[in-house]
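Visitor: Walk me through this model, please. I want to hear the criterion behind every label.

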Amino acid sequence: MLKKFNLITLIIICILILTGCKSDKLETPTNFKIEGNIASWSVVENATKYRVEFIKEGQSMKRVINTNQINLDEQNLAEGTYIVNVQAINDKEESAYTTDNLEYTVRDESKVYSFKEDELTNSRYIRWMGRTYYSNLKKMNMVYHTASGFEVKFIGTKVTTRVFATNYASETNRPFVTVVLDNDFENQKRIALTTEYTDLVLVDNITDNEIHTVTLYKSSESQDSKIGIEEITTTGEFIADTDVKQYKIEFIGDSGSCGFGNLSIPYGSDYSTEISDGLHSFASLTGIALDADFQIFAASGWGVKASVYTNPNTVNVFDAYKNYDFNSQGATMKYDFSRFTPDLVVINLGTNDYSYIKAAETEPTLYNKRLQDYKDQYKALVNFVHGIYPQAHIIMLHGLMNEGKVIADATNEMYAELKVTIPNLSTIEINGDGRGASNHPSAASHETISKALVEHIKQTLNW
């Protein structure tokens, strides 16, 4: 009996010991999050304090607090990006740290690292290209035309932008953008925008501490789709004093200036923005080759007077040119011509007018009227451009679509008339290869056209 009693007593004692030794180890905090400058987590049972750890470049700093949230802006942290985690503690125990590894960046308020809303109009830091327009309604800078976009200088590892897009779901008309780092056009990156809003990484993993330049171009044309820039951000800082180019060029045209179908393989492929790269149009290539600040105002299918490809036929480039953008009625917000004063204007129009003229070839009276209306409108456009930019040289370029004798003769006739009152005027015919979509010039042909145009510009203007 004594042995039995001793055994029972021993079991009871062991139970009491085991019960008394139950672990009070604290649980790791859960629901850890950072919203704005506040880090918070769920209260941990039996915790009396919390230890918050900040890790930057392998160095650890800790703060001990009494509550389950902390204002990160009040911790006197040096500039940089930190990995943040937290553990629960009391007088006897401490939990494991969270493993969320949330990031928090401390900024030097004297440095510029982000542009949003009307900050996007800051011309000291952002060089906008083309007829861009800040929309107070949308709170973004709208980018319409081929080769329009922005350029920023920065020091840091990464630059991102938030981009709005129209027609993003259309495989035929969705917008494309091209990103270029430090003017390295050989390694340009072309990206399709397939969602209404895209957080786009322009450049990443820069490891030095040097000043770099990143440029975003819209490489598709306006009438297919438009984009808006809602925000531009860097992990480092943006640098003021954007580059000022020696020359400014404006291109006024149609599909040839937009690069319509220039990537088509085979050349009979149907049109889409995927096979139409405006950065490989003769216009962009010419601006890049001359290291000029250039902008393009052009729409495929549009004529200087009329076209069979527009609805109605009478919407035209001359009327639209007075506005920021094209639409099916040919009218949008009036453009402020003081925003960009070119040294050179290249006009490449006539192809689509010829389609409208040729449609009446069985009716001589109507044919001749349409031809004369075209010539009158073209001359009116040249005179209008000269009136706005009297110091600019104007080039009348034709032949890209191999239009033939009618347009060539009309161009030479108009040139002779206009040259009497506009001495800073020249004309050139350059033929395309017709190997792009719908007999448009291929990308290789655009390069050849650009080289010929660049040579003409250099000889004529002594650039």
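Visitor: What is the bridge partner of Phe 54 in strand 6?

Guide: Val 84 is the bridge partner of Phe 54. This is a predicted model, where local features need pLDDT of at least 70, side-chain atom pairs count only at pLDDT 80 or more, and totals for chains, interfaces and linings use all residues. Residues are numbered from 1 along each chain as its sequence is written, and side-chain values use heavy atoms, with hydrogens and water left out.

Visitor: What makes strand 3 and strand 6 a pair?

Guide: Two strands pair if DSSP finds at least two bridges between them. Strand 3 (residues 49-56) and strand 6 (residues 80-89) have 7 bridges, in the antiparallel sense. Strands themselves are DSSP runs of E, at least two residues long, and helices are runs of H or I, at least four; both are numbered from the N terminus.

Visitor: How do strand 3 and strand 4 pair?

Guide: Strand 3 and strand 4 (residues 59-65) are antiparallel, over 7 bridges. Val 52 has Arg 63 as its bridge partner in strand 4. The two strands form a hairpin with 2 residues between them. In the turn, Glu 57 has a positive phi of about 55 degrees.

Visitor: Which strands stand at the edges of this sheet, and why?

Guide: The order is 4-3-6-7, an open sheet of 4 strands with antiparallel pairing. Strand 4 and strand 7 (102-106) are at the edges because each has a single partner strand, so one side of each lacks a neighbour in the sheet. From one strand to the next, the twist averages 30 degrees. Strand 6 meets strand 7 over 5 antiparallel bridges, and Thr 81 is opposite Thr 105 there.

Visitor: What is the strand order in the open sheet of 5 strands?

Guide: The order is 21-20-22-23-24, with parallel pairing. Its edge strands are strand 21 (293-298) and strand 24 (425-429), each pairing on one side only. Here the twist averages 15 degrees from one strand to the next. Helix 3 (residues 282-289) packs on this sheet and touches strand 20, strand 21, strand 22 and strand 23 (393-398). The direction of helix 3 makes about 170 degrees with that of strand 21. Within the sheet, strand 20 (residues 248-253) runs parallel to strand 22 (residues 344-348), joined by 5 bridges. Leu 344 is the bridge partner of Ile 249.

Visitor: Why are helix 3 and helix 8 called oblique?

Guide: Their axes cross at roughly 45 degrees and come within 8 Å. Axes are lines fitted to C-alpha atoms, for helices over the stretch in contact, and angles run from 0 to 180 degrees between N-to-C directions. Under 35 degrees is roughly parallel, over 145 roughly antiparallel, 65 to 115 roughly perpendicular, and the rest oblique. Helix 3 and helix 8 are therefore oblique to each other. The crossing is right-handed, a label for a near helix turned clockwise from the far one by less than a right angle, with anticlockwise giving left-handed.

Visitor: What makes helix 6 oblique to helix 7?

Guide: Helix 6 (residues 364-388) and helix 7 (residues 405-419) pack at about 45 degrees, with axes 10 Å apart. That angle makes helix 6 oblique to helix 7. This crossing is right-handed.

Visitor: Why does Ser 135 count as buried?

Guide: Ser 135 has 11% relative accessibility, so it counts as buried. Ser 135 lies in strand 10 (residues 133-135). Not counting residues up to four places away in sequence, Ser 135 touches Met 140 and Met 142. Touching means contact, with heavy atoms within 4.5 Å.

Visitor: And why does Asp 433 count as partly exposed?

Guide: Asp 433 has 34% relative accessibility, so it counts as partly exposed. Asp 433 is in the loop between strand 24 and helix 8 (443-461). Leaving aside neighbours within four places in sequence, Asp 433 contacts His 440, Pro 441, Ser 442 and Ser 445.

Key
Buried < 20%, exposed > 50% of the residue type's maximum accessible area, 1.4 Å probe, protein only.
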